[in-house]
Amino acid sequence: MVVEKSKAMPMPIKKTNVQTMKKAQRKKKMAPYLFVLPNLLIFLIFIIIPALMGLVYSFTSYNGVSDMKFTGLENYIRLFNNAEFWKIMLNTLIYAALVVPLVFAISLGIAMLMIKEMKARGLFRAIIFWPTMISFIIVGLSWKWIFGDSFGVITYLLEAGGLPPIKWLSDPVIAKITIVIATVWARVGFFMVIFIAGLQSIPASYYEAAQIDGASRSQLFWKITLPLLKPTSLLVFMLLIVESVKAYPLIFSLTGGGPAKETTLIVQYIFEFGFTKSEVGYASAMSVVLFLLIGAFTLIQFKWAEGGKID
């Protein structure tokens, strides 16, 4: 009888172990979702819901205070017949076409220098990254102090040297160049850090093997660095396009959108209609168009780069 009891005891123990293991597995599966949940809630509350509300507003004549009145596609028809909107959109595309390649090339070049052994490398990295930590408003005001037409430092130095002053902020073409210079200065440090991380992930053995085979510096860059940097390049391109298309505070504080709206970009234009003129419905229609534009650019870029897949 004693022997029979001792044989029967292990069964409940095994069952308990299985239940404990299943419980642990359930917790393990739930853990990633619990970590993601706070960000998901923030994304839902501050991005998804406002975006859906904006889509609804775009079909109304809502002014932010009174009741919404459904107007169908009226806002979109008005938008596509508005010549000023297309001028502002062209300003935005020109700005993005200048900023994206410049920031990409300069930040990649600096990153390639900053991964080499040199004295005070950390200090140089900190100096280049430092503008990233400054508010866009402060960056704009700082460059306004430098390029100001009547009180700017550069204007003062030109006049002191007997040279004619340059209308940095009041000439349409030069004002566009000025906002590009300020943006490049402000953003190069951030993307330099991303490129440094990408460059340091490339195994040094690839370069060593290529150098033994007699590869030149340009061949190392085009055949090894750039292809292996493809995922990082895709990320940088996507971030740069989104940033440049929705740029606003730096340019507003530097030029105010002038002269004659030559440096007004689409987000500032949306802000004017939404909060100054209280045409929330019309501004929402512009926001929807901007969203579709950014989505199209991102999708084309993603397809072109094959999702950052390394060949």
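1. Residue S233 sits in helix α11, which covers residues 230-245. The structure is a predicted model, and the points below should be read with that in mind.

2. Is S233 buried or exposed? S233 has a relative accessible area of 9%, and because buried means under 20% relative accessible area, S233 counts as buried. When its neighbours within four places in sequence are left aside, the residues in contact with S233 are F104 and F195.

3. The helix around S233 can be described as a whole. Helix α11 is made of 16 residues, and the distance from its first C-alpha to its last is 22 Å, close to the 22 Å expected at 1.5 Å a residue. Its buried residues are T232, S233, L234, V236, L240, I241, S244 and V245, and these buried residues pack against α4, α8 (172-200), α13 (266-276) and α14 (280-304).

4. For F85, leaving aside neighbours within four places in sequence, the contacts are with L79, I266, Y269, M286 and V289.

5. Where is empty space left inside the model? Rolling a probe the size of a water molecule over the atoms shows where such space remains. A search of the whole structure finds one cavity of 30 Å³ or more, and the largest cavity contains about 60 Å³ of space. The residues lining the largest cavity are N91, I94, Y95, L98, K176, I179, V180, E262, T263 and L265. The elements that give two or more residues to this lining are α4 and α8, and α4 gives the most, with four residues.

6. The protein averages a pLDDT of 87, and 94% of the residues score at least 70. Confidence is highest in α4, at a mean of 94, and lowest in helix α1 (residues 2-8), at a mean of 48. Over residues 1-6 the pLDDT stays under 50, and for these residues the model has zero contacts beyond four places in sequence.

How values were computed
Residues numbered from 1 in each chain as written. Predicted model: local features only at pLDDT ≥ 70, side-chain atom pairs only at ≥ 80, totals over all residues. Heavy atoms only, no water. Contact = heavy atoms within 4.5 Å. Buried < 20%, exposed > 50% of the residue type's maximum accessible area, 1.4 Å probe, protein only. pLDDT = per-residue confidence, 0-100. Expected span 1.5 Å × (residues − 1). 1 Å grid on protein atoms, 1.4 Å probe; cavity = no way out; pocket = protein on both sides within 12 Å on 5 of 7 lines; lining within 4 Å. Points joined across faces, edges and corners; volume = space filled by probe spheres on them.
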